Structures are given as C-alpha cells and as structure tokens.
Amino acid sequence: MSAAGAEPTLLDSPGDLGRLRRLLHKPSNLDHMIPDMASSNQHPADRHDLIRVQGARENNLKDVSVAIPKRRLTVFTGVSGSGKSSLVFGTIAAESQRMINETYSAFVQGFMPTLARPEVDVLEGLTTAIIIDQERMGANSRSTLGTVTDANAMLRVLFSRLGKPHIGSSKAFSFNVPSVTAVGQLSVDKGTSKKTERRTFSIIGGMCPRCEGMGSVSDIDLTQLYDDKKSLNEGAITVPGYTADGWYVRIFGAVLDLDKPIRKYTKKELHDFLHKEPTKVKLDNLNLTYEGLVPRIQKSFLSKDVDAMQPHIRAFVERAVTFATCPDCKGTRLTEAARSSKIKGISIADACAMQINDLATWVRGLDEPSVAPLLTALGQSLDSFVEIGLGYLSLDRPSGTLSGGEAQRTKMIRHLGSSLTDVTYVFDEPTIGLHPHDIQRMNGLLQRLRDKGNTVLVVEHKPEAIAIADHVVDIGPGAGTAGGEVVFAGTVEGLRASGTLTGRHLSDRASLKPSVRKPSGVMKVRGASTHNLKKVDVDIPLGVLVVVTGVAGSGKSSLIHGSVSGREGVVSVDQAPIRGSRRSNPATYTDMLEPIRKAFAKANGVKPALFSANSEGACPTCNGAGVIYTDLGMMAGVSTVCEDCEGRRFQASVLEYRFGGLNIAEVLDLPIDEAVGFFGAGKGNTPAAHAILKRLADVGLGYVRLGQPLTTLSGGERQRLKLATHMGAEGGIYVLDEPTTGLHLADLQKLLGLLDRLVDAGKSVIVIEHNQSVMAHADWIIDLGPGAGHDGGRVVFEGTPADLVAAKSTLTGEHLAAFVGARQKAVRAR
C-alpha cells in the first residue's frame, strides 16, 4: 500500500481499499471503483449472500419479489392474513424442503410427504430450511416431553448401566415396551440335514401390565354409550360419529339384528355387541373386521390425550369415561422392577417427575467415568431446556398438554447445540406464550443461532422481537386480497419512519385507564392445587375485565382452566388450534351455512341439501371440491380447476336458484364485511346468519370470504375465527387464553374494544395474557409467580394495573411500569 497522499499502485484487497479511503478522507474519489474491484477480488462462491424471491404468488401474494440477506436475522411483519406465512413458510421453506426431498431416490420419496412446487418464478440462494412452527406435538397419550426429545432415551441407558439392582437393558425402563416371553420350534439347515431346535425368546420391558403404560386406568359407563330402548337402526349408539346410516353401525349387522332393541338382546348378543374380540366377517360381499363397541372406543378415543381432542369428543369422553391413577404403578407407567432400580436413591420414575432444572443439577452431580459421554450429552440436553425457559417442566409431562409456545421451544432444543452452520431457521411467532421477561431470553437465543452463521427468518408481531432484527420485510398493506405485497424492506428504524401500518404502530404503548369498572360480585377459588399451584385462594371479580398474568409456567392456566373453566355458565376459549380440510370454510365452521341453506331453500321451494357442496348440490365431476386432484405417486400431485363447475363447486342447476339476487356460489364468495350488509337488511335479511357475521367482523375478519378454505387461513385468523364462534355461546363468564396470539399491533384496539363490549353487555371476561397493552387495559390484575414450576404457583399480586405499576413488586409490575413509562416519555417528547 502506498503512503498517504501518494498515488496508489496496487490494491491487494478490499481491506486495503478501505484503509486508502480513510487516508484520503475522500471516500467518493474511489466509489466508482468499488464494484469492479469487489467483483474481481471476490471468490465466486462468496457472491451468494442473498435469498432472492421473484414472482411469488402463493395464496394472496401478488408477484412478490424480495431479496433477503443470508446469515442475518430477518423479521417478517404485517397484519394477520397479509401473506407473511405464504412467503416464508409456503414459498421459501416449502421449496427448500421440496428440493432436499428430491435428492432422495424415488423409492424413498414414496414414503415421504409430497410437496408441490410453490407458485413462484425464481428462487435463488436457498439453504437447508429447518422449520420450527407452532404446531402442537402429537396427542398420543403415550407421548411425553421425555419421549419426544432424546432425554428419556438417554435416561433409560443411564439407568440400565448404573441402576442398582441391575434389571436389564434400556428396554426394561421404557413404559412403551411390554415384557414378552415366547416359546417355539424352528428348523435349522446344517449341512445336508435339518435339525429342529426349541427356542425360548423373552424381552424384559418396563410397561406396567395393569395400565399398559398409560399411567391411568379407565372405567366406561355403558349407559353413556347406547340407549337400550332403541335398535341400532333407530340410532341406539350415542357415541359421536356412530350415526345409524354410517359404516360404523352397519358393520354390526354382520353379527347382530339391527332392528332389535338392545334391551332384548340375549346375553351372548350383548357380549358380542360390547366386548367381542376382532373377528373377520363378510358384509355386502366385503371382507371386514368386526369388533365390540367397547374395545373399538378404547382404541379410537382413549389412546389419545383428552386435552387434545375436539370439543365434542372430549365432552363425550369426560361424560362416559372415568379415569383413575393406576393403583399398581401409582401413575408412573412403569413396572415395579423398573421403579426398584435406583441411582443414588433416585429411580427413573423419580427422575422423570423432577422439575427439569432440578434434574439437570442431579445429573451434574453424578461422577461416573464409565458413562461420562452419556452424562455430558444428557446434561447438555437438560441445560438446553433450562436455557430456553422450560426448566419448570418435567420429562413425564404428556406432550399433548404443552401449549403452542412450549411445543415450539421444545423443538428448538435440539438445534441450540448443533454444529450446523449456513442453515435457514424459520420461526413462527417464537414469543407466543412468553412473558416480557422471557422474550429477552428468546431474543438472545435467536441471535445466537444467527451468530453461528445461520440465516434466521422470523414471522412476528411483538415489537420487542422486531427490535432485534437486522432486516425487516413488511407485508401488506392490508389482509387477504388487500395484502400480498412487500410494502417495506430495510432496517427497524427505517420501518418506524416508513409510514406503513406496522411502522405507524411499532412504537404504540398503552396507557393506564384513568378509572376502572366496579365488580358486580366475585367468584371464589379455594385451595386450588392443580399442577404447581400451592393451595391458592383467590377472589376473581365478576362484571369486569380481569387479566391473569405471570411468567410462563407460573400457574396461570392451571388456576383458570383447573378451577374456573369447568363451572356452570363459563365459556372457555383455549389455545387449541382449529383444524379443517380444504372443504371446511368460515361458513361451515361457524354453522352459518345452515341458516343460509334454509333461506335459499325457502325462497326457491327446494331442499336445503341442494345448497351444500358436500351434499346433493355438489358438482358431480369434482364432488364439490371445485378442483380435480391428480395423484402422481412420489411426485407432488396436480390440482386443476374443474371445467364443469369452473371452481364454483355446485351443479349448474343449483346456481339457477337465487336469494336476494345472488346464487349460493356468489354468496360464499362474499367477504364478511359485504355479507354483513347483505344478510342484515333487504331481500337477503337472515338474522341467524347476520348475528354470526357481526361477530366475525368484530374480531377483524371482515376481509375473509365466507367460502374461503380453512387451510388457507393463517394461525391468527383461525384463532380469531374460533373466538368469534365461542362468543355466540350462552354463558355469563368468558375465559380467553391469550387472544392476542397472531394479532397485529394495529388490531389490538379492535380486540380491546371487543372485550369492553362484552363487559358492558353484562359479561365477565377473564383473560390469560402476556400482552402489556391488554394488562394496562384491565380493570383488575391477578399476577402469579414469582417464578415458574415449583418456584411459582402463588398469587403475588391482586389489584388494579395502576397499583401494580406503582408497587413494581413483581416481574410483571416492573415490565408493565417500563411499558407505560415509555408511552409517557413519548407523549412528553411530542
């Protein structure tokens, strides 16, 4: 490099160029040289530092083109339904996974899920995508937090090596492996002769034989299964899904008289009806398997976790089945032998029941060189639980009971210590279910993944998470057909000044209400001890907006769902996601289609079934789907719009019938906002449909079409659809579990207005929430803590938000004080 002021003769590297600029104090002198020099000195492999998307058209995206920097933390923002998930999950992550799947042989691909190529013109610079979404974990009742991670497997190996007395291999400590013994003969070829040998085969498993590894035994109330005064053809079976004309009931006809009342069955017939073992039978020239009603229910319903069932199924199970802790294994699921083998006085059942941060301490205290690598790996796995904020859980926690946020963080654990770099991690609202105190920890974890050289893509609404972004992509400007465009891409500060909906609301801070409503009464909770609650006594005010707060794992859900939700007159809206096929839509999910069909039928003098795309009115070519699906084996299937109905799903003759000037296909194509007017007055007046539509509009779903498939709705839209449906239920007390999930900052005021209208209408509203705007808007706050797990379970504050801010005696109080204080500073600055 030449001396200062001398003519440069050689620029060895971009670093030399930078030093020369500083020496000359005139950067502009060499600006025109930078691109050429950079391109001439840069290795070709180093030029792929962007993920380039061109012409993305998934769902509502409108030819979106965007460049996303690699090895940076990029946050995607925008109102719910604007197209964030369509771009991140439906386009970038989906194409990455599809291309990885294509590297396998056709035979292997036949066993993998088929992924269609996204609607996009160009996708460049993709790396391997690891998706960490909000999907709940498997609801199988045999699945626990320990089994879905490697922790339980490592614990079983540890006890098989160190446990005293020694009882067998790691299978002897698994509650999913039964003990098996078999005796038989086999022929062995030895030279020119065959020799018959007798062999005994045995496996020592850890499954409790009494409860078969379930931890509980069930007793079925037979009176809840059938009405013995009726015959099967008359609908005697009262189990959900067992309709008189369905296959579940028809198969009984292979063994029983379908027209005979059950009370007239002989002893053998009643046994065959209820308890017959699986038997091959023939019905209508079909070979089928007949099985008694009780074992069939045990297999179909009782193998799943009760909390993860659909509401009507759960109601039936809770009514018909009594669960009790297994008296043999005391709920541990394990045999007596597995429970008798111990390490330093601790059995594997004790270890799985310990809080994970306590278990991690116990594992670190084991000094056994013979299993040192195993102890190291197990300790790192348990430490990851603690680091990610799940140290309050235990390994025997059923995976189906984890919240969406807990499930998402559990999926993160295996990636925290990974040595992989240049991977794209895709997160869907990782701050869901997190207290403001815990969001700081989550932000640190996201930054750690980035700092290891990975690309981190995050779909997020929380301003605390948006603030740490290196790059922000804002999708909008609205939702549904009003969205699907990139309205801003740049830095967080640039977003604040951009004038987009997200930018305008990014600095929003709620203020404390000058006055709060007076309660009309109280609901008394006494001695609540569900999960980690420590015999909590609390009076919950009625007739006001009550917000229950506390760090994740402090006992909020245990208190409300365990002691309030089951009471008479309480309508509970939990976090369980709604599910639906491509045939389901807002009209069918909310039961709005029923009054609409009846209105069409009455106006035209025909049957209501004609106006259902899943019944008589369906287009025969596509069976009411609107599209024709062609299965291409291991390749992605192809869907084409049905040529006969042109995607409208109904027969041409059905579309001739009109109501209020529109046919049924045109009605289902209406956005909710337009449908409110159509069904609210004039020729289309239908009060039953209008009432449901008003609730849908109140929760901010006015842009969604009545017939839009549920599979195309975002997580936040589905949550609000569920909220609107439950608002129509009869009850004086509403319990809402984190209703702000998936809600954009701009929609918060709509939600708060909805909560106020419910209270003003005489309802009591209890909200479990971490959002500080909702806390500030409350009339009364109940704060649980002070920590999580066994460090929580107590009420640490009861009072108004103003009192909580003034006291600053809890973590929630400190964060809420900082939150409303930031607003006051902003107001003073203006």
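1. In this note a helix is a DSSP run of H or I with at least four residues, and helices are numbered from the N terminus. Helix α4 covers residues 106–109, and Phe 107 is placed in it. The model discussed here is a predicted one.

2. Phe 107 counts as exposed because its relative accessibility is 62%, and the cut-off for exposed is over 50%.

3. Packed helices in general are described by two values, the distance between the axes and the angle between them. Helix α24 spans residues 672–680 and helix α25 spans residues 687–698. Their axes come within 9 Å and cross at roughly 150°. Angles over 145 degrees count as roughly antiparallel, and α24 and α25 are therefore roughly antiparallel to each other. The crossing of α24 and α25 is left-handed.

4. The next points concern charged side chains. Side chains of opposite charge can pair when their charged atoms come close. With a cut-off of 4 Å between a side-chain nitrogen of Lys or Arg and a carboxyl oxygen of Asp or Glu, the model has 35 salt bridges.

5. One of these salt bridges joins Arg 98 to Glu 95, with 2.8 Å between the closest N and O atoms. Both residues are in helix α3, which runs over residues 84–101. Arg 98 and Glu 95 are three residues apart, about one turn of the helix. Arg 98 counts as buried because its relative accessibility is 14%. Glu 95 is buried as well, with a relative accessible area of 3%; the limit for buried is under 20%.

6. Glu 197 and Arg 199 form another salt bridge, in which the closest N and O atoms are 2.7 Å apart. Glu 197, at 17% relative accessibility, counts as buried. Arg 199 is partly exposed, its relative accessible area being 43%.

7. Lys 299 and Glu 291 also meet through their side chains in a salt bridge, at 2.7 Å from N to O. Lys 299 counts as exposed because its relative accessibility is 52%, whereas Glu 291 is buried at 11%.

8. Salt bridges also link several residues into a network. Its members are Lys 513, Arg 517, Asp 756, Asp 760 and Asp 779.

Conventions. Residues are numbered from 1 along each chain as its sequence is written. This is a predicted model: local features need pLDDT of at least 70, side-chain atom pairs count only at pLDDT 80 or more; totals for chains, interfaces and linings use all residues. Side-chain values use heavy atoms; hydrogens and water are left out. Helices (H or I, at least four residues) and strands (E, at least two) are DSSP runs, numbered from the N terminus. Buried means under 20% relative accessible area, exposed over 50%, partly exposed in between (1.4 Å probe, protein chains only). Axes are lines fitted to C-alpha atoms, for helices over the stretch in contact, and angles run from 0 to 180 degrees between N-to-C directions. Angles under 35 degrees count as roughly parallel, over 145 as roughly antiparallel, 65 to 115 as roughly perpendicular and the rest as oblique. A crossing is left-handed if the near helix is turned anticlockwise from the far one by less than a right angle, and right-handed if clockwise.
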